[in-house]
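These notes are meant to be read beside the structure, one point at a time. Please keep the view open and find each residue as it is named.

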There are 2 protein chains.
Amino acid sequence: MYVQIRAETTRRFLLEAAATLFDEKGYAGTSISDISAHSGRTSGAIYFHYASKEKLALAIVEEHFATWPHLISRYRQPGRPALEKLVGLSFEVARAFRDDIVVRAGARLWAERKAIDAQLPAPFLGWIEAVTQLLEEAARNGELAADVPPAATAHGIVCSFFGLHTVSDALEGRRHIEERLHDLWTLLLRGLQAEPDPAGLLDRVR
Amino acid sequence: MYVQIRAETTRRFLLEAAATLFDEKGYAGTSISDISAHSGRTSGAIYFHYASKEKLALAIVEEHFATWPHLISRYRQPGRPALEKLVGLSFEVARAFRDDIVVRAGARLWAERKAIDAQLPAPFLGWIEAVTQLLEEAARNGELAADVPPAATAHGIVCSFFGLHTVSDALEGRRHIEERLHDLWTLLLRGLQAEPDPAGLLDRVR
């Protein structure tokens, strides 16, 4: 049991060391010996825990994807208007993309997926489903404008959100992601809310 | 003069051959000898026209970027409502991303830019500026809803549009990009138009 906990701790330590390098230099720019130098562990120790560089990248992408279901289920709780939950969730995800090294590295590795010889999980579908359900809840509560189809709209919201990250990453290293997300919601909520008041909703959420 | 025209034709031929492979297999997955085999020209001929694989990739990305100013200036002409021009332009760009091999390859190489040892041009800024100007024109014409700030809104529209391409490429190889773009505009135009009628505007444009 003790050994198993220690192995888990080492795996996590190596995962984060690798994530730091993948985030900075990408998949092709990072070797197992770079990770060894950065972590102070031998290449042999790294291969013991992760059989290959591909497997290590895959583990980071899977860890990135595993972050969301727990977060989403927290925002599924009743008690707040559904559109406020949706906006609040988006800010929490945006901060994770900016601040969490495994999330950042997972996103970069996913973007470089065609250069990685491993089957990576398919993204976006889980998000589109989660956003659809929050929009359906908003429709039931009378928060959503008439004629807003939840599934097609959820698709557009998820695209906008991920596009925001790509652009913010390219132009400003994600530094202003929260202000940009605020502006994006100001645009989207005008069409989504039954009684449009983006500024009021954004004030309540932040 | 004749020699120069022939050289231009050869350069373009090699550019398109390389674009086909970069689009399919990415930067790391494509070698000069693959391009030689695919084009039927020797590696020496390729190096004569493009000094390195990096330079060839850079030429494709620059050619991709060079596509837009001409297209944008066509949509700047007076004579149609500005929001219709904006939506029409977006559909033309979406089709280019789906059908034009140099545009497709340029987009993929740009996404893989961190693996390419060359300074690639910065994207998005030209688009944000062009969309801002169309929104300002829409505001002058009374087409735009009050309280829609052109620059911040243009940023959100450009993010949404590029996010749509990322998601459509990942989930369905861009096959349904026109329907998805139609749905995205249905969402965005609800908040943009002074007198919301997304379906009417989309009918006039397509």
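A polar contact is a pair of N or O atoms within 3.5 Å, and within protein one of the two must be able to donate a hydrogen and the other to accept it. The points that follow concern a predicted model, and the first of them makes use of this term.

1. The start of helix H6 in chain A. A side-chain oxygen of Asp100(A) comes to within 2.9 Å of the backbone nitrogen of Val102(A), and this pair is found at the start of H6(A).

2. How many of the 11 residues of helix H6 of chain A are buried? The number is 8, and helix H6 (residues 101-111) is therefore largely enclosed by the rest of the structure. The buried residues are Val102(A), Val103(A), Ala105(A), Gly106(A), Ala107(A), Arg108(A), Leu109(A) and Trp110(A), so that the list includes Arg108(A), which counts as buried because its relative accessible area is under 20%.

3. Chain A as a whole. The chain has 10 helices and 0 strands, and from the N terminus on its elements run α-α-α-α-α-α-α-α-α-α. Of its 206 residues, 51% count as buried, and the C-alpha trace spans about 60 × 40 × 30 Å along its principal axes. Among the contacts in chain A between residues at least 6 apart in sequence, 67% join residues at least 24 apart.

4. A residue of helix H5 in chain A. Leu86(A) has its place in helix H5 (residues 82-99) of chain A, and with a relative accessible area of 4% it is buried. Leaving aside residues up to four places away in sequence, Leu86(A) touches Val131(A), Leu134(A), Leu135(A), Ile157(A) and Trp185(A).

5. Helices H9 and H10 of chain A. Two packed helices are described by the angle between their axes and the distance between the axes. The axes of helix H9 (residues 177-192) and helix H10 (residues 198-205) of chain A come within 9 Å and cross at roughly 135 degrees, and H9(A) and H10(A) are therefore oblique to each other. Their crossing is right-handed. On the side of H9(A) the contact is made by His182(A), Trp185(A), Thr186(A), Leu189(A) and Arg190(A), and on the side of H10(A) by Pro198(A), Leu201(A) and Leu202(A). Sorted by class, these residues are 5 nonpolar, 2 polar and 1 charged.

6. Helices H5 and H9 of chain B. Helix H5 (residues 82-99) of chain B packs with H9(B) at an angle of about 150 degrees, with the axes 10 Å apart, and the two are therefore roughly antiparallel to each other. H5(B) passes H9(B) in a right-handed crossing. Among the residues that make the contact are Leu86(B), Phe91(B) and Arg98(B) of H5(B), together with Leu181(B), Trp185(B) and Leu189(B) of H9(B). By class, the contact has 8 nonpolar, 2 polar and 3 charged residues.

7. A loop residue of chain B. Gln193(B) lies in the loop between helix H9 (177-192) and helix H10 (198-205) of chain B. Is Gln193(B) buried or exposed? Gln193(B) is buried, with a relative accessible area of 8%. A polar atom of its side chain lies 2.8 Å from the backbone nitrogen of Asp197(B), and, not counting residues up to four places away in sequence, Gln193(B) touches Leu83(B), Glu143(B), Leu144(B), Ala145(B), Pro198(B) and Leu201(B).

8. Two positive phi angles. Most residues other than glycine have a negative phi. Phe124(A), however, has a phi near 75 degrees; Phe124(A) is in the loop between H6 and helix H7 (125-140) of chain A and, at 5% relative accessibility, counts as buried. In chain B, Arg174(B) has a positive phi of about 65 degrees although it is not a glycine. Arg174(B) is found in the loop between H8 and H9 of chain B, and at 10% relative accessibility it counts as buried.

Terms used:
Residues are numbered from 1 along each chain as its sequence is written. Chains are lettered from A and ligands numbered from 1 in the order in which they are written. This is a predicted model: local features need pLDDT of at least 70, side-chain atom pairs count only at pLDDT 80 or more; totals for chains, interfaces and linings use all residues. Side-chain values use heavy atoms; hydrogens and water are left out. Buried means under 20% relative accessible area, exposed over 50%, partly exposed in between (1.4 Å probe, protein chains only). Helices (H or I, at least four residues) and strands (E, at least two) are DSSP runs, numbered from the N terminus. Axes are lines fitted to C-alpha atoms, for helices over the stretch in contact, and angles run from 0 to 180 degrees between N-to-C directions. Angles under 35 degrees count as roughly parallel, over 145 as roughly antiparallel, 65 to 115 as roughly perpendicular and the rest as oblique. A crossing is left-handed if the near helix is turned anticlockwise from the far one by less than a right angle, and right-handed if clockwise. Contact means heavy atoms within 4.5 Å. Ala, Val, Leu, Ile, Met, Phe, Trp, Tyr, Cys and Pro count as nonpolar, Asp, Glu, Lys and Arg as charged, and the others, Gly among them, as polar.
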